[in-house]
Amino acid sequence: MINFDYARATDVADAVRRIAADPKAKFIAGGTNLIDLMKGDVERPSRLIDITRLPLKTVEETTEGRIRIGALVPNSDLAYHPLIEQRYPMLASAILAGASAQLRNMASTGGNLLQRTRCCYFYDIATPCNKREPGSGCSAIAGINRMHAILGASEACIATHPSDMNVALAALEAKVLVSGPAGERAIAFSDFHRLPGDTPDRDTNLEPNEIVTAVELPPRGFATNYTYLKIRDRLSYAFALVSIAVGLELEGSTISEARLALGSVAHKPWRDKAVESALRGQVADQDTFALAADLMLRDARAHEHNAFKIELARRGIVRALTQAARGTPQSQSDKRVA
Amino acid sequence: MARETARSTIPTPGRIPVTITINGAPAQLRIAPWTTLLDLLRDHLDLTGTKKGCDHGQCGACTVLVDGRRINSCLTLAVMTDGATVTTIEGIAADGTLQALQQAFIDHDAFQCGYCTPGQICSAAGLIAEGKAKSVDEIRELMSGNICRCGAYPNIVAAIQQAMGRS
Ligand SMILES: Cc1cc2nc3c(=O)[nH]c(=O)nc-3n(C[C@H](O)[C@H](O)[C@H](O)COP(=O)(O)OP(=O)(O)OC[C@H]3O[C@@H](n4cnc5c(N)ncnc54)[C@H](O)[C@@H]3O)c2cc1C
Ligand code: SF4
Ligand code: FES
Ligand code: FES
């Protein structure tokens, strides 16, 4: 870890001013991703701007029935918040599927959105990596790529976004509220994270001088028919190989509304509106689910070591849609997949 | 000498004054920004009960309680805990008497080499305070942030169950 300066932001405007004044400065919230990356010299900020004392720690209902989650609400507090447990259990479940109890106590809502990939070459500064050092090349394409993307990858980068929470936020059509020198703006969740293209160094569309202040959930929570199914190498405290968030609304056995998002398969949580509209109006049965899985994966492409992820995702989608339709969501403590 | 001179020419940001209450005693300290809470405890304050396993948030050996919540001290900057209350394994026992959780670990032989144990006990104290774990599956899941290389897991779960019954 290199030496760096440290300052505490006193309010949001002060945080924005400080980040704009020093292009090599970084915000720090829970620190669980940033400190880890700094220990390996992957991140080398000149200055850390501590935002943990800003008043962004509440979960509130707005007059329009939306839920506004402050950027500094810890992941554990969010997962156990009564409004989230009752109205957005898919989100609570996704959060509890991630990391460990200690890390969830530290990790913030904003930091979770901005966590970086777990691609092992990104972490290893001795190897080329276009995300870490633009133009140096991608070590994963011809390297060990078992955990890497099957959808939306580019010649420049095949990394995945590792977050669990974000997969549920994508399915729920959250908005990210940000503040910058030009004022505030709201970014639709599907526009927040980027595909790698030829600029994999940019994970998101957040500008370097902007701060995330909140995440907002629309009223529709899919609290009856939902699941978050995470498939990984060990049963807990491991990143996903594939994860699936599903929310359904049913009229009898017919699907009236559907949301489906995949995690750890692409550079961003993967959602496909064509699949969701194909599900709408169909009978919620195995044939419908199998067709949806095929459609979701129609453009999937494997690399040397991750072809298994395509079949895993296919079966996972069918299983997750089944769990949601039956109203039997995946438990995050009893790990048997029902 | 030459080395000393070279080092003194590299500008280093100043140390930052903080007050942290550690195991009940307020400490006024001056800390470099890059010092983790784990390194502060072990290297500066000689509180070596808290262990460094991985230094990357992957093992739980460094678990301590900050304002009553369990966290990984290896990924926490000490300067960011200014004003906080920190409890380490050295502060778990009251007045030299083992806490119920510590006694339960002994009763159930919940360790072998003992390296993970301070983290396991601090984590279990956090788990009990959170009150979310009821079943064995839930204890196992919510203790998954603490790796035990000796594989004492069944006994650790039994010890926590015993302590939960008592507290
Ligand atoms: C061992 C381990 C296992 C893990 N397992 C999982 C897992 O299974 N699933 C999962 O989803 N995650 C997992 N994580 C990742 C964890 O969820 C993230 O590290 C965490 O959510 C990041 O939040 P933070 O507040 O600690 O961010 P920080 O580390 O403080 O910051 C991360 C980045 O976000 C920026 N930032 C933070 N807040 C803001 C803001 N408000 N506005 C603008 N920029 C901001 C920082 O500048 C930094 O670049 C794991 C982490 C570890 C160490
Ligand atoms: S996949 Fe992306 S993050 Fe990994 S080595 Fe290639 S460019 Fe870097
Ligand atoms: S030393 Fe902190 S988690 Fe391993
Ligand atoms: S007792 Fe040896 S690591 Fe747990």
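This is a predicted model: local features need pLDDT of at least 70, side-chain atom pairs count only at pLDDT 80 or more; totals for chains, interfaces and linings use all residues.
Student: Which residues surrounding ligand 1 are closest, and what makes a residue count as near the ligand?
Tutor: The closest are A:Phe27, A:Gly31, A:Thr32, A:Ser108 and A:Asp164, out of 35 residues surrounding ligand 1. A residue counts as near if one of its heavy atoms lies within 4 Å of the ligand. Ligand 1 itself lies between chains A and B.

Student: Which elements of chain A each supply at least two residues of that shell?
Tutor: They are strand S2 (25-28), helix H7 (109-113) and strand S8 (211-217) of chain A.

Student: How do you know that S6 and S7 of chain A are paired strands?
Tutor: Strand S6 (residues 175-180) and strand S7 (residues 183-188) of chain A share six bridges in the antiparallel sense. Pairing requires at least two bridges, so these strands are paired. A hairpin joins S6(A) to S7(A) through two residues, and A:Gly180 has A:Gly183 in S7(A) as its bridge partner.

Student: Why are S9 and S12 of chain A called edge strands?
Tutor: The sheet is open, with four strands in the order S9-S10-S11-S12 (chain A) and antiparallel pairing. Strand S9 (225-231) and strand S12 (270-271) of chain A each have a single partner strand, so one side of each has no neighbour in the sheet.

Student: What joins S10 to S11 in chain A, and what lies across S11?
Tutor: Nine bridges join strand S10 (residues 242-251) to strand S11 (residues 254-263) of chain A, and the two run antiparallel. Within this pair A:Ala245 stands opposite A:Ala261 in S11(A). Helix H12 (residues 286-296) of chain A lies across S11 and S12 of chain A, at about 40° to S11(A).

Student: What is the strand order of the five-stranded sheet in chain B, and which strands stand at the edges?
Tutor: The order is S2-S1-S5-S3-S4 (chain B), in an open sheet with mixed pairing. Strand S2 (25-31) and strand S4 (69-72) of chain B are at the edges; each has a single partner strand, so one side of each is left without a neighbour in the sheet. From one strand to the next the twist averages 40°.

Student: How do you know that S1 and S2 of chain B pair, and that S3 and S4 do?
Tutor: Seven bridges join S1(B) to S2(B), which run antiparallel; S3(B), residues 63-66, and S4(B) pair in the antiparallel sense over four bridges. The requirement is at least two bridges, so both pairs meet it. S1(B) and S2(B) form a hairpin with two residues between them, and B:Asn23 in the turn has a positive phi of about 50°.

Student: Which helices of chain B lie across S3(B), and at what angles?
Tutor: Helix H2 (residues 37-44) runs at about 105° to S3(B), lying across S1, S2, S3, S4 and S5 of chain B. Helix H4 (residues 117-130) runs at about 40° to S3(B) and lies across S3, S4 and S5 of chain B.

Student: How many domains does the assignment give for chain B, and how far apart are their centres?
Tutor: The assignment gives domain 1 (16-91) and domain 2 (100-164) of chain B, with centres 21 Å apart over C-alpha atoms. Their contact takes 15 residues from domain 1 of chain B and 16 residues from domain 2 of chain B. In chain A the assigned domains are 5-52 and 226-325, and 36 Å separate their centres.

Terms used: Residues are numbered from 1 along each chain as its sequence is written. Chains are lettered from A and ligands numbered from 1 in the order in which they are written. Side-chain values use heavy atoms; hydrogens and water are left out. Axes are lines fitted to C-alpha atoms, for helices over the stretch in contact, and angles run from 0 to 180 degrees between N-to-C directions. Contact means heavy atoms within 4.5 Å. Domain bounds come from an automatic or database domain assignment.
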